[in-house]
Amino acid sequence: MNNISDSLKEIRLSKQLTKTEVSEITGLSTRIISNIENNKHCSFEDVVIYCEALGYILDLKKKKKPTIIIIEANGEVKE
């Protein structure tokens, strides 16, 4: 999950959004946003909401071990 946390923070910063702005868009508290970005306790649903607010979706692919891929709405993959 650490890769996801880092990727989401990187995406947020590239969009020049503050945690407060993401909180307002998602309805999630800034504490939850911080927890997601710092790989602390959060629900999968919160991560999905966060991704969608940034224009991405989470795609779970089953391989030998589950893999989570973040996909931008235009199809660009961010692993």
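**Cysteines, a buried face and a helix crossing**

Tutor: In this predicted model, a search of the whole structure finds zero disulfides.

Student: What makes a pair of cysteines count as a disulfide here?

Tutor: The two sulfur atoms would have to lie within 2.5 Å, and the search of the whole structure returns zero disulfides.

Student: Why is Cys42 called buried?

Tutor: The cut-off for buried is under 20% relative accessible area, and Cys42 has 19% relative accessibility, so Cys42 counts as buried.

Student: How do you know whether Cys51 is buried or exposed?

Tutor: Cys51 has a relative accessible area of 0%, so Cys51 is buried; Cys51 belongs to helix α4, residues 44-53, where Asp46, Val47 and Tyr50 are buried as well.

Student: What makes you say that the buried residues of α4 line one face of the helix?

Tutor: Viewed down the axis of α4, the buried residues fall within an arc of 135 degrees, and therefore they line one face. In general, an α-helix has 3.6 residues a turn, so residues three or four places apart point the same way.

Student: Why is α2 called roughly perpendicular to α3?

Tutor: Helix α2, residues 19-26, packs against helix α3, residues 30-37, at an angle of about 110 degrees, with the axes 9 Å apart. Angles of 65 to 115 degrees count as roughly perpendicular, which means that α2 is roughly perpendicular to α3.

Student: Which residues make that contact?

Tutor: Lys19, Thr20, Val22, Ser23 and Thr26 contribute from α2, while Thr30, Ile33, Ser34 and Glu37 contribute from α3; the crossing of these two helices is right-handed.

Terms used
Residues numbered from 1 in each chain as written. Predicted model: local features only at pLDDT ≥ 70, side-chain atom pairs only at ≥ 80, totals over all residues. Heavy atoms only, no water. Buried < 20%, exposed > 50% of the residue type's maximum accessible area, 1.4 Å probe, protein only. Helix = DSSP H or I, 4+ residues; strand = E, 2+ residues; numbered from the N terminus. Arc of directions from axis to C-beta. Axes fitted to C-alpha atoms, helices over the stretch in contact; angles between N-to-C directions. Parallel < 35°, antiparallel > 145°, perpendicular 65-115°, else oblique. Left-handed = near helix turned anticlockwise from the far one by under 90°. Contact = heavy atoms within 4.5 Å.
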